[in-house]
Amino acid sequence: MALTHMERIHLGASLIEEGLEPERALDKAFPRLIWKRKGAVQRQLRAWSPGAAMTAVEQLAEAEILSRR
């Protein structure tokens, strides 16, 4: 779940960097987000750069692989 969440944070941060409005980027990256979580996820999108989010995605993917061994 953490990996999927960070993949979506990366997508949203990338969309914002490309010029999409943060609210629309949030809706594209998290299409079924419940209203209670929107504020928290919006803050996360502002806090993560696309590069940092990709680094986190890579680390989480590696941790997932190692945990299955």
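Biologist: At what angle do α2 and α3 pack, and how far apart are their axes?

Modeller: Start with the terms. Helices (H or I, at least four residues) and strands (E, at least two) are DSSP runs, numbered from the N terminus. Axes are lines fitted to C-alpha atoms, for helices over the stretch in contact, and angles run from 0 to 180 degrees between N-to-C directions. Here, α2 and α3 pack at about 110°, and their axes are 11 Å apart.

Biologist: What should I know about the model itself?

Modeller: This is a predicted model: local features need pLDDT of at least 70, side-chain atom pairs count only at pLDDT 80 or more, and totals for chains, interfaces and linings use all residues. Residues are numbered from 1 along each chain as its sequence is written, and side-chain values use heavy atoms, with hydrogens and water left out.

Biologist: How are α2 and α3 oriented to each other?

Modeller: Angles under 35 degrees count as roughly parallel, over 145 as roughly antiparallel, 65 to 115 as roughly perpendicular and the rest as oblique. So α2 and α3 are roughly perpendicular to each other. Contact means heavy atoms within 4.5 Å. Glu23, Leu26 and Asp27 of α2 make the contact with Lys38, Val41, Gln42 and Leu45 of α3. Ala, Val, Leu, Ile, Met, Phe, Trp, Tyr, Cys and Pro count as nonpolar, Asp, Glu, Lys and Arg as charged, and the others, Gly among them, as polar. On that scheme this contact has three nonpolar residues, one polar and three charged.

Biologist: How many helices and strands does the protein chain have?

Modeller: Four helices and zero strands. From the N terminus the order is α-α-α-α. The C-alpha atoms fill a box of roughly 40 × 25 × 15 Å along the principal axes. Of the contacts with a separation of 6 or more, 56% join residues 24 or more positions apart.

Biologist: At what angle do the axes of α1 and α4 cross?

Modeller: Helix α1 (residues 2-17) and helix α4 (residues 50-67) cross at roughly 160°, and their axes come within 9 Å. That makes α1 roughly antiparallel to α4. On the α1 side, the contact includes Leu3, Met6, Ile9, His10 and Glu17; on the α4 side, Pro50, Ala53, Met54 and Val57 are among the residues. The residues of this contact split into 12 nonpolar, two polar and three charged.

Biologist: Is the crossing of α1 and α4 left-handed or right-handed?

Modeller: A crossing is left-handed if the near helix is turned anticlockwise from the far one by less than a right angle, and right-handed if clockwise. The α1 and α4 crossing is left-handed. The crossing of α1 and α3 is right-handed. There the angle is about 65°, with the axes 9 Å apart. His5, Ile9, Gly12, Ala13 and Ile16 of α1 meet Arg37, Val41, Gln44 and Leu45 of α3. That contact has five nonpolar residues, three polar and one charged.

Biologist: Which residues form the largest nonpolar core?

Modeller: In soluble globular proteins, nonpolar side chains tend to be buried together. Buried means under 20% relative accessible area, exposed over 50%, partly exposed in between (1.4 Å probe, protein chains only). A nonpolar core is a set of buried Ala, Val, Leu, Ile, Met, Phe, Trp, Tyr and Cys residues joined through side-chain atoms within 4.5 Å. The largest one here has 12 residues: Leu3, Met6, Ile9, Leu26, Ala29, Phe30, Leu33, Val41, Leu45, Ala53, Ala56 and Val57. α1, α2 (22-29), α3 (35-47) and α4 each give two or more residues to this core. Take Ile9. Beyond its neighbours within four places in sequence, Ile9 contacts Phe30, Val41, Gln44, Leu45, Trp48 and Ala53. Across the chain, buried residues make up 29% of the 69 residues.

Biologist: Is His10 buried or exposed?

Modeller: His10 sits in helix α1. Its relative accessibility is 19%, so His10 counts as buried. Setting aside neighbours within four places in sequence, His10 contacts Pro50, Ala53 and Met54.

Biologist: And is Glu17 buried or exposed?

Modeller: Glu17 is also in helix α1. Glu17 counts as exposed, at 63% relative accessibility.

Biologist: What is the relative accessible area of Met54?

Modeller: It is 31%, so Met54 is partly exposed. Met54 lies in helix α4. Met54 and Glu21 are 33 residues apart in sequence and 20 Å apart in space, C-alpha to C-alpha. Gly51 is partly exposed, at 45%.
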